[in-house]
Amino acid sequence: MREDLLDLARSPLTLLLVTLAGYQAGRWLQTRTGGHALAQPVLVAIAVAGTAITVLDVDYADYRSATELIAFWLGPATVALAIPLHRQADRLKGFVVPLLVAVVVGAATSIVSAVLLARLLGADEALEKTLSTKAATTPVAIALTETLGGIPPLAAVFAIVTGIVSAITAPAVLNLLRIRDRRARGLAVGAVSHGIGASRMLREDETEGAFAGLAMGLSALAISLLVPVLALVLF
Amino acid sequence: MITGLTWLLAFQVLGEAIVRVLDVTVPGPVVGMLLLFVYLRVRRYDDSGSIVRAGSALLRHLQLFFIPAGVGIVAYLGLLGEHALPISVALLGSWLLGLAVVGWTAVGLERLLGAPRDDLPGAGETGEVP
């Protein structure tokens with residue numbers, strides 16, 4: 001290939017285009033499959049952009065700075081998660097205590113069990129730290145992993161994969177566990193598998209979906225506050 | 001739109017500032033989210049406001065914003081393969097434990113506190129007796 005064209009292909013402009021086009025392709029696939037949990041736009045985009053930078057031989061650090069324009073909005077979008085929380089807060093009447101206790105206990109369970117299971121099977125510390133955040137919504141998992149000294153790109157993928165597994169299997173697993181209360185079901189799914197799990201519950205039932213959304217926000221907070229404290233004991 | 005984005009950035013900056021002053025390992029945007037939640041509650045903010053409009057627009061494409069972070073996985077494919085067992089067991093095991101603990105705790109406390117039940121229709125008939 002001509003040298004100047006290759007430079008163009010490696011420029012921030014093209015890398016941004018590839019990223020947006022990958023995301024659009026993922027959205028198209030999601031619509032075509034009727035919103036199947038496996039068809040997450042972010043996964044398609046990661047595959048497309050990941051393949052592109054491998055083929056074009058672009059360093060990840062260069063790709064990362066080329067796409068800073070996109071990544072920047074992760075922070076304000078995380079702040080904006082307060083909005084769905086605010087909209088759902090009125091549903092809480094008479095359920096505040098079970099909700100808060102369950103979310104905090106659940107966050108502690110997720111963190112400790114992920115770290116200990118990984119350690120038992122021979123993972124190193126960076127990987128354990130990364131796994132500890134996976135129940136939080138992806139932007140929070142990334143940010144937390146960064147502050148902890150884990151591996152942020154893996155945190156993103158772990159959180160997404162957890163969400164997908166949950167979105168596909170959670171309703172059946174909850175039946176097996178004999179959890180039938182709609183609020184508890186939504187809460188459980190939102191607390192362990194954030195927005196991807198919550199969107200499945202929203203398709204099942206409005207109450208389940210609302211509580212899943214609520215649990216996603218509260219769980220992100222609980223995990224953010226608990227991880228640094230538990231890290232003192234665990235690492 | 002710009003008014004709403006300005007507010008969101010202001011809450012994020014406030015969150016980052018608090019994290020630095022208190023020297024805690026909580027992400028700044030998470031503290032910003034907590035502060036915004038309190039603000040929205042106190043002001044009884046409704047859906048037509050600029051913060052809700054700008055924030056909802058961002059949230060619709062939340063997945064787009066973590067693509068740059070996720071692409072970093074290309075550098076860790078080897079590590080993923082090497083540690084496939086601990087990673088998959090930790091992910092699945094901790095997910096299942098979390099799901100069970102949250103669900104059972106919520107149901108148990110609800111009964112303890114005498115809250116009205118809200119079971120899925122039809123689910124109770126087959127398994128009322130454990």
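Guide: Helix α2 of chain B is followed by B:R44, whose phi is positive, near 50°. The structure is a predicted model, in which local features need pLDDT of at least 70 and side-chain atom pairs count only at pLDDT 80 or more, whereas totals for chains, interfaces and linings use all residues. Residues are numbered from 1 along each chain as its sequence is written, and chains are lettered from A and ligands numbered from 1 in the order in which they are written.

Visitor: What makes a stretch of chain a helix here, and how many helices does chain A have?

Guide: Helices are DSSP runs of H or I of at least four residues, strands are runs of E of at least two, and both are numbered from the N terminus. By that rule chain A has 13 helices and 0 strands.

Visitor: Why is B:F37 called buried?

Guide: A residue is buried if 20 or more other C-beta atoms lie within 10 Å of its own, exposed if 12 or fewer, and partly exposed in between, with C-beta atoms placed from the backbone. B:F37 has 22 other C-beta atoms within 10 Å and is therefore buried. B:F37 lies in helix α2 of chain B, whose buried residues also include B:M33, B:L36 and B:L40.

Visitor: Which residues does B:F37 touch, and what makes a pair of residues a contact?

Guide: Two residues are in contact if their C-beta atoms, placed from the backbone, lie within 7 Å. Not counting residues up to four places away in sequence, B:F37 touches A:A82, A:L85 and A:H86. The buried residues of α2(B) pack against α6 (74-80), α7 (82-88), α10 (138-148) and α13 (206-234) of chain A, together with α1 of chain B.

Visitor: What span does α12(A) have, and where is its kink centred?

Guide: Helix α12 of chain A, residues 182-204, spans only 10 Å between its end C-alpha atoms, whereas a straight helix of 23 residues would span 33 Å. A kink of about 145° is centred on A:H194; the bend at a residue is the angle between axes fitted to the seven residues ending there and the seven starting there. Of the 23 residues of α12(A), 19 are buried.

Visitor: How does the radius of gyration of chain A compare with that of a compact globule?

Guide: The radius is taken over C-alpha atoms, and the globule rule is 2.2 Å times the number of residues to the power 0.38. With 235 residues the rule gives a value near 18 Å; chain A has 19 Å, which agrees. Buried residues make up 57% of chain A.

Technical notes. The expected span of a helix is 1.5 Å times one less than its number of residues.
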